[in-house]
Amino acid sequence: MGRRATRAERRDEEFTAYLHARQPSLLRTAYLLTGDRHQAEDVLQTSLAKLYLAWDKVRDRDSVDAYVRRIMVNENNSLWRRGWKKREYATSDEAMPEGAPHVDEYDEGRGAALWDVVRTLPPKARAVVVLRYYEQLTEAETADVLGISTGTVKSQCSRAIASLRERVPADLHPGREVS
């Protein structure tokens, strides 16, 4: 006879299923937020631990991704606020985590070069750009995840895009002739 699963066992099964389904995508998002694979893994691990502790409190299972994104953004921001954090970067040319964003067309390395420029944005601006353009959230959804107003999302996006246009090499601009 099969025994009935306890509430804790059901919770663990649900969380494990969520983890297996969403971890690769969440790692890519964390990488785009942090710009460093090791820091992304740390941010994701901490975020998933916090999610696990709050799993029973998350009533709307359809909004778990938004909840985790919010935790990741907050965790990434708190890392930048810590006075002891050294802003050092590995010198090796690390590739994006497995399961990197799929590119439908051959881009001759332009995508990676573009993300190198995006990584130069301040953390909050990078979070807005990642959520709006990589995660393809609406302005309202991005505002909700970040806990800011829709107007702030619009202004952060506008400033970030203007900054990126100035910093992106000419050969990465679509439609622009390279001389």
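Here are some friendly notes on the salt bridges, nonpolar cores and helix contacts of this structure.

1. **Before you start.** Please keep in mind that this is a predicted model.

2. **Salt bridges overall.** How many salt bridges does the structure hold? There are six.

3. Start with Glu41 and Arg37, which form a salt bridge whose closest N and O atoms are 2.9 Å apart. Both residues belong to helix α2 (residues 37-54), and they sit four residues apart, about one turn of the helix. Glu41 counts as partly exposed because its relative accessibility is 30%. Arg37 is also partly exposed, with a relative accessible area of 24%.

4. **A pair between two helices.** Now find Lys50 and Glu75, whose side chains meet in a salt bridge at 2.9 Å, N to O. This pair links distant parts of the chain, since Lys50 is in helix α2 and Glu75 is in helix α3 (residues 64-81), 25 residues apart. Glu75 has 8%, so Glu75 counts as buried.

5. **A pair between a loop and a helix.** Glu135 and Arg69 also meet through their side chains in a salt bridge, at 3.2 Å from N to O. Glu135 lies in the loop between α5 (123-134) and α6 (139-146), while Arg69 is in helix α3, so the pair ties together parts that are 66 residues apart in sequence. Both Glu135 and Arg69 are buried.

6. **The largest core.** Which residues have the most contacts inside the largest nonpolar core? They are Tyr18, Leu26, Leu44, Leu51, Val64, Val68 and Met72, in a core of 30 residues. The elements that give two or more residues to this core are α1 (7-34), α2, α3, α5, α6 and α7 (150-167). Of these, α1 gives the most, with eight residues. In general, nonpolar side chains tend to be buried together in soluble globular proteins.

7. **Two crossing helices.** The axes of α5 and α7 come within 9 Å and cross at roughly 100°. That angle makes α5 roughly perpendicular to α7. From α5, the residues Lys124, Ala125, Val128, Val129, Arg132 and Tyr133 meet Val153, Gln156, Cys157, Ala160 and Ile161 of α7. Sorted by class, this contact has eight nonpolar, one polar and two charged residues.

8. Ala8 is in helix α1. Why does Ala8 count as partly exposed? The reason is its relative accessibility of 36%, which falls between the cut-offs of under 20% for buried and over 50% for exposed. Although Ala8 and Asp56 are 48 residues apart along the chain, their C-alpha atoms are separated by 9.5 Å.

How values were computed. Residues are numbered from 1 along each chain as its sequence is written. This is a predicted model: local features need pLDDT of at least 70, side-chain atom pairs count only at pLDDT 80 or more; totals for chains, interfaces and linings use all residues. Side-chain values use heavy atoms; hydrogens and water are left out. A salt bridge is a side-chain nitrogen of Lys or Arg within 4 Å of a carboxyl oxygen of Asp or Glu. Buried means under 20% relative accessible area, exposed over 50%, partly exposed in between (1.4 Å probe, protein chains only). A nonpolar core is a set of buried Ala, Val, Leu, Ile, Met, Phe, Trp, Tyr and Cys residues joined through side-chain atoms within 4.5 Å. Axes are lines fitted to C-alpha atoms, for helices over the stretch in contact, and angles run from 0 to 180 degrees between N-to-C directions. Angles under 35 degrees count as roughly parallel, over 145 as roughly antiparallel, 65 to 115 as roughly perpendicular and the rest as oblique. Contact means heavy atoms within 4.5 Å. Ala, Val, Leu, Ile, Met, Phe, Trp, Tyr, Cys and Pro count as nonpolar, Asp, Glu, Lys and Arg as charged, and the others, Gly among them, as polar.
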